[in-house]
Every structure is written in structure tokens, then in C-alpha cells.
Amino acid sequence: MLLMRLTRLMGKSHALLLRHYLLWVFSYCLMQGLTFVLVVPIIHALLDLRVDDALMWLLPLGVGVVLTGYLHYRAAYSGFQVAATLMSQLRRRIGDHVVTLPLGWFVRANTSRLGLLLSQGVMEILGLPAHQLTPLLRAVITPAVVVVATSFFDWRVALCAAFLFPMLGLVYWWAGRLGRTADRAVQTANAQACDRMVEFAQSQPVLRTYGKSAQGYQQFDQALVAQSRAGRRQLWLVLPPLLLNTWLGQLALMGLMAGITWLVVMEGDAAQQTTLFALLVLVSRVIDPLSEVASYGSGIRMASAQMEAAENVLSQLSLPAPTEPVPLPQHYTIELRDVTFSYQPGVRALQRVSATLPANSVTAVVGASGSGKTTLTKLIARFFDPDNGVIAIGGINVKSFPVMQHMNMISQVFQDNYLFSGTLRENLMMGNPAADDDTLKNVLKLTRLDEVVQRLPLGLDSRVGEGGGFLSGGERQRAALARALLKNAPILLLDEATGALDPENQEAIAQGLNALRGHCTMLVIAHQLHTIRNADNILVLDHGQIVEQGNHQQLLAKNGRYAALWQAKVRAEGWRIVHPREDQGGDNV
Ligand SMILES: Nc1ncnc2c1ncn2[C@@H]1O[C@H](COP(=O)(O)OP(=O)(O)OP(=O)(O)O)[C@@H](O)[C@H]1O
């Protein structure tokens with residue numbers, strides 16, 4: 001079972017390496033068992049005072065010891081080779097697989113578990129071939145060799161040993177099962193404590209603002225208490241079977257010795273009596289590898305639980321997508337046909353949404369918070385696939401594009417933009433490493449990032465800190481927008497891309513984005529309605545459904561949901577509402 005799992009995780013192409021390792025371990029254990037057996041004729045000869053014979057047997061014993069040592073070295077070396085391959089292979093396989101998962105999979109719980117698996121988990125798994133698997137196999141193979149060899153000397157002793165050794169194995173297996181449930185609980189508690197710790201650190205400003213530092217600490221503390229409780233439970237569940245293992249091991253040895261002693265007493269043949277004495281020494285040696293495996297039990301179980309976690313990640317369904325590139329669409333009209341989507345069963349975030357975003361047009365999506373705007377945008381970017389309905393680009397179902405080809409068509413700025421801890425330039429050029437200086441300059445101007453660059457001590461070469469922490473929220477947004485614009489993709493999705501900016505900058509960027517009109521298919525979400533009033537089409541979402549659509553004037557004239565949102569905005573800003581005809585130019589509101 002363990003071996004099959006290891007083979008699966010390493011990948012079929014590396015199965016040969018694992019087989020080589022197993023072959024070395026088998027040879028080592030076989031040789032060790034045979035070397036143990038050589039003790040019998042030596043003791044036999046010594047008890048019979050046949051010193052010459054005993055010395056003669058010492059030669060094969062010496063060869064056996066040297067060979068056992070060499071094979072042990074080869075097995076250990078091969079185990080480390082497997083471990084090294086496993087480390088790179090497993091990380092690569094998980095990495096390769098994770099990039100094919102829907103972006104919606106990357107929520108905090110999954111990412112922190114993934115982090116734990118790739119760091120601590122992989123190390124625990126590769127501990128198997130590096131340290132634990134060899135003693136585990138030795139505990140099976142060496143006693144088996146001894147039992148077979150013993151049968152040539154005395155079938156009764158062999159029978160007893162053949163019965164006792166598997167019984168001991170069963171006890172170890174049972175002890176392992178008891179610990180496994182506790183190990184899982186420890187792992188879950190570890191992941192949760194890790195989550196709470198990151199959350200506690202990240203939420204300090206919020207907690208302190210609301211005077212809830214103690215409450216935040218309480219949650220972190222509770223997670224730590226749960227972690228230590230799970231650890232204690234693990235100890236309680238694992239310790240008694242561990243002690244029982246040792247105790248039963250000794251008991252089995254005693255039983256076997258008592259049995260052999262009884263056989264010696266009952267045996268009439270003096271030569272056989274001597275053999276039985278020698279067997280007594282032999283079987284006492286075999287208990288060692290058996291009891292030794294118990295001390296590796298915990299590591300084996302932890303590795304096994306981590307293998308389960310790795311299999312779990314690898315079994316997550318990838319986005320169904322072809323791998324071979326397909327011809328690019330003739331145009332970049334986006335169509336949503338009867339699209340329905342739920343995050344949780346029974347709670348629909350989008351219901352039968354149908355809309356067309358003509359190529360090179362600007363479509364705005366508005367609606368109350370929670371109405372489904374972000375969800376709609378994320379479905380176009382294939383964070384998830386819809387439960388029902390079709391999303392098409394240029395008449396082609398998005399599922400027909402390979403993941404990278406689809407991503408290449410789209411530039412996106414979402415509410416939670418991430419900047420990497422390099423320089424501002426490195427972050428921007430990620431959008432388009434081949435962008436020339438003029439393009440960069442234009443984008444900086446359009447996103448009003450140029451004034452930020454001027455202020456920064458090293459300009460574009462200033463470091464932005466982890467997650468862009470050295471920049472203000474508005475500066476981060478402008479950088480994310482600039483990065484997206486540099487990519488120059490035929491589809492641009494902007495979800496609250498300027499929400500953190502002051503009205504003056506919002507307006508300037510909205511005007512700047514106007515310049516892109518006709519160059520790409522743009523979808524814009526903005527709570528600041530004045531920034532989208534020039535859109536070609538505005539979709540009004542309410543409870544996951546499109547309830548109105550049209551341009552700004554048409555929607556105001558309808559005096560429906562959009563007009564109500566617009567009037568609420570105007571009231572909130574204390575501005576004067578003008579007649580739609582007055583608003584033709586869109587700038588005098
Ligand atoms: N990851 C998620 N898991 C479960 N439910 C979610 C998730 N993301 C969003 N939802 C729910 O789906 C619905 C639509 O959310 P969505 O983020 O699309 O709304 P929105 O209109 O963009 O809101 P906002 O304007 O506040 O950003 C909401 O009821 C929200 O609670």
C-alpha cells in the first residue's frame with residue numbers, strides 16, 4: 001500500500017528507481033537473515049567443542065557481515081536517491097497540477113494547506129525512503145528468511161516463529177491504525193493554527209482599531225490550545241500501543257524461548273538439543289528488527305498522512321481544457337448564454353445570465369454589493385466554470401481554449417491585486433517583458449503612475465515590498481492597472497480597479513481608459529458610477545440576474561434600478577442631478 005502510493009506520487013517514469021531501491025533493500029535483508037542463520041552452526045560447533053569447525057564457519061560469517069554492510073550502504077544510498085527524486089518530482093508534480101486548477105481553488109484554507117504540504121509535508125514523505133522504509137521492510141523480510149532457514153533445523157521452532165512474528169506484525173499494524181486518526185487530527189489542528197497565526201498577524205490594524213486585540217488573540221490562542229490538545233491526544237493514543245508493542249515483543253520472545261527450552265528438555269537427541277540452543281540465540285536476534293520498527297511508526301504514519309494530503313491536491317479536478325493550442329478567435333466578442341453559477345449548493349450567485357459584450361466595446365456592470373458582478377467577471381476569466389450555460393469568446397466556448405491561451409487573451413485587475421516583493425519595474429514588466437520605454441511611459445501616464453514614480457526615491461527601480469506593502473492602496477491599484485494595460489490583451493476586465501483612488505485620479509484614469517475604447521473588449525465594474533457613464537452598454541445586476549441594460553442615458557430615461565442607483569449616488573455626494581439630455585456630454589454631473 002505504502003509502496004504503491006510512493007510509486008504513484010513519484011510518477012511512473014521514476015518507478016524504476018524505486019524498484020532498484022527495493023531490490024537493494026531485499027538483498028540487504030536477505031543477506032542479514034542468512035548471516036544471522038550462520039550463528040547456528042557456529043554455536044553448534046562451539047557447544048560440541050569442535051573449535052576447528054567453528055573457525056571454519058567464521059569465514060562465511062565474516063563474508064556475510066561485510067556483504068550485509070555493503071548492501072545496507074547500497075540500500076541507504078538508493079533510498080536517498082529515491083528521496084531526492086521524490087522531493088523534486090513531488091514538488092514539480094504538485095506545482096504543475098496546481099497551475100491547472102481553477103483560480104477559484106486558491107482560497108486561504110487551500111493555499112495555507114498547500115504551503116504546509118510543499119514544505120513540511122514533502123520532507124515527511126521523503127523521510128520514508130530515506131529513513132523509515134528500510135527498517136519497515138527489514139522487519140518483514142529478515143524474520144521471514146530466519147523462519148525459512150529455521151525450518152531446516154527444527155520445524156517446530158520454525159512453526160512457532162512463523163506464527164509469532166506475523167502476530168507481532170498485526171499488533172504493530174493495529175497500533176498504527178490507532179495513531180492514524182490522531183495524526184490526522186494533529187495535521188488539521190496544525191493547519192488551522194497556521195491559518196489563525198497568519199490571520200492574527202495580518203488583522204492587527206483592524207483588531208487594534210476596534211479594540212479587539214484580545215479577541216483576535218483569543219482565536220489564535222484557541223487554535224494553539226486545539227493544536228496542543230490534538231498533540232496530547234496523539235500522545236495518549238500512540239503511547240499505550242507503543243508500550244504494548246515493546247511489552248508484547250518481549251513476551252513473544254520469552255514465550256518462544258520458554259517453548260524452545262521445553263523442547264530442549266523433552267529432546268532425547270543430544271545433537272538436536274545443541275541445535276535448539278543455537279536456535280534460541282538466533283530467534284532472540286530477530287526480535288530486534290521487529291521491535292525497532294515500532295520506533296519508526298510515528299514517522300511512517302505522518303508520512304502516510306502527508307501522502308494522503310498530496311494525493312488529495314493531485315486529485316483536485318483541473319479545468320477541463322485542451323493542451324494543444326487552437327486557432328485564435330476572429331474577434332473578441334464575449335457572450336454569456338444562460339449562465340448560472342453557485343458557490344454553494346442551493347445559493348445562486350448568478351441565475352440564467354445572458355449578455356453580449358461586443359468586440360472592442362466598453363461594458364460596465366453595476367449593481368448592489370453581492371449582486372454577482374465579480375462572479376460574472378471571474379467566470380469570464382475562468383476562475384470557475386458555470387454550472388449551466390456557456391461563456392464564449394469570438395463564438396468559441398472558453399472551455400475549448402488551453403488554459404494559457406485563454407489567459408493570454410485576458411488582462412485583469414481584481415479587487416485583491418498582488419504585487420511581488422521586487423521593484424516596481426519588475427512588477428510592471430511582468431505584464432509584458434518585451435514592452436519598450438515608450439509603451440511603458442504611455443501606460444504610466446494613462447494610469448497616473450508617472451507622478452508616483454517621480455516621488456519614489458529610485459523611481460521605477462524602487463522596491464515595493466511584499467504584496468506591495470511599501471505603496472499606498474491607491475498606488476498599488478495604479479501599479480496593478482498599469483501592469484494589466486502593459487499586457488495589451490484583447491480583453492480587459494476591471495473589477496473596482498480604481499476604487500481606492502481619490503475622485504480626481506479616478507476621473508483622470510476613466511478618461512485615460514476611454515482612449516482604449518475600440519482597442520479591446522473592456523468590462524468594467526465600478527461603484528463610482530460617474531466613472532462608467534460613458535460605457536457603450538451598462539448591465540444592471542440584481543440578485544444574480546440582469547434586470548436592465550442600456551447606455552447611461554437610456555437607463556436614466558427608464559427610471560428603473562439604474563436610475564435609482566444613480567440618484568442615490570448623487571444624493572450621497574450632494575450633487576445636483578441634471579436632465580439626461582443635459583448630461584449628453586457626460587461631464588457636467
Ligand atoms: N468564494 C465564495 N464563496 C461563497 N460565496 C461567495 C464567494 N464569493 C462570493 N460569494 C457570494 O456570491 C454572491 C455574489 O458575490 P460577488 O462577489 O459576485 O458580488 P459583487 O456584486 O461583486 O459584490 P461587491 O460589489 O461587494 O464586490 C454574494 O452573495 C457572495 O456572498
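Axes are lines fitted to C-alpha atoms, for helices over the stretch in contact, and angles run from 0 to 180 degrees between N-to-C directions. Helices (H or I, at least four residues) and strands (E, at least two) are DSSP runs, numbered from the N terminus. The model is predicted: local features need pLDDT of at least 70, side-chain atom pairs count only at pLDDT 80 or more, and totals for chains, interfaces and linings use all residues. Residues are numbered from 1 along each chain as its sequence is written.

**Exercise 1. Determine how helix 2 is oriented relative to helix 5.**

Step 1. Helix 2 packs against helix 5 (residues 108-153) at an angle of about 45°, and their axes are 8 Å apart.

Step 2. Angles under 35 degrees count as roughly parallel, over 145 as roughly antiparallel, 65 to 115 as roughly perpendicular and the rest as oblique. Helix 2 is therefore oblique to helix 5.

Step 3. A crossing is left-handed if the near helix is turned anticlockwise from the far one by less than a right angle, and right-handed if clockwise. Helix 2 and helix 5 cross in the right-handed sense.

**Exercise 2. Describe how helix 2 and helix 3 each pack with helix 4.**

Step 1. Helix 2 (residues 15-37) and helix 4 (residues 51-98) have axes that come within 8 Å and cross at roughly 155°. Helix 2 and helix 4 are therefore roughly antiparallel.

Step 2. The crossing of helix 2 with helix 4 is left-handed. The contact of helix 2 with helix 4 comprises 14 nonpolar, 11 polar and one charged residues. In this classification Ala, Val, Leu, Ile, Met, Phe, Trp, Tyr, Cys and Pro count as nonpolar, Asp, Glu, Lys and Arg as charged, and the others, Gly among them, as polar.

Step 3. For helix 3 (residues 39-47) and helix 4, the packing angle is about 165° and the axes are 8 Å apart. Helix 3 is therefore roughly antiparallel to helix 4. Helix 3 and helix 4 also make a left-handed crossing.

**Exercise 3. Is L30 buried, partly exposed or exposed?**

Step 1. L30 is located in helix 2.

Step 2. A residue is buried if 20 or more other C-beta atoms lie within 10 Å of its own, exposed if 12 or fewer, and partly exposed in between, with C-beta atoms placed from the backbone. L30 has 16 other C-beta atoms within 10 Å, so L30 is partly exposed.

Step 3. L30 and T142 are separated by 112 residues in sequence, while their C-alpha atoms are 6.1 Å apart in space.

**Exercise 4. Identify the transmembrane regions recorded in UniProt, and state what one of the spans contains.**

Step 1. An unreviewed UniProt entry places the feature "transmembrane region" at residues 21-43, 55-73, 155-175 and 242-265. UniProt positions are given in the numbering used here, feature names are shortened, and annotations may be inferred rather than shown by experiment.

Step 2. Residues 21-43 are 96% helix and 0% strand, and the end C-alpha atoms of this span lie 34 Å apart.

Step 3. Residues 242-265 are 100% helix and 0% strand, with end C-alpha atoms 35 Å apart.

**Exercise 5. Which residues surround the ligand?**

Step 1. A residue is near a molecule or strand if its C-beta atom, placed from the backbone, lies within 6 Å of it. The residues around the ligand are Y343, Q344, A349, G367, S369, G370, S371, G372, K373, T374 and T375.

Step 2. Strand 1 (334-344) and helix 10 (373-380) are the elements that give two or more residues to this shell. Helix 10 supplies the largest share, three residues.

Step 3. By class, the shell has two nonpolar, eight polar and one charged residues.

Step 4. Helix 10 is mostly covered, with six of its eight residues buried. These buried residues are K373, T375, L376, K378, L379 and I380. Just after helix 10, R382 takes a positive phi of about 60°.

**Exercise 6. Characterise D338 and R352.**

Step 1. D338 is part of strand 1, and its phi is near 55°, a positive value in a residue other than glycine. D338 is exposed because 12 other C-beta atoms lie within 10 Å.

Step 2. R352 belongs to strand 2 (residues 347-357). R352 has 15 C-beta neighbours inside 10 Å and therefore counts as partly exposed.

Step 3. The C-alpha atoms of R352 and D338 are 4.1 Å apart in space, and the two residues are 14 apart in sequence.
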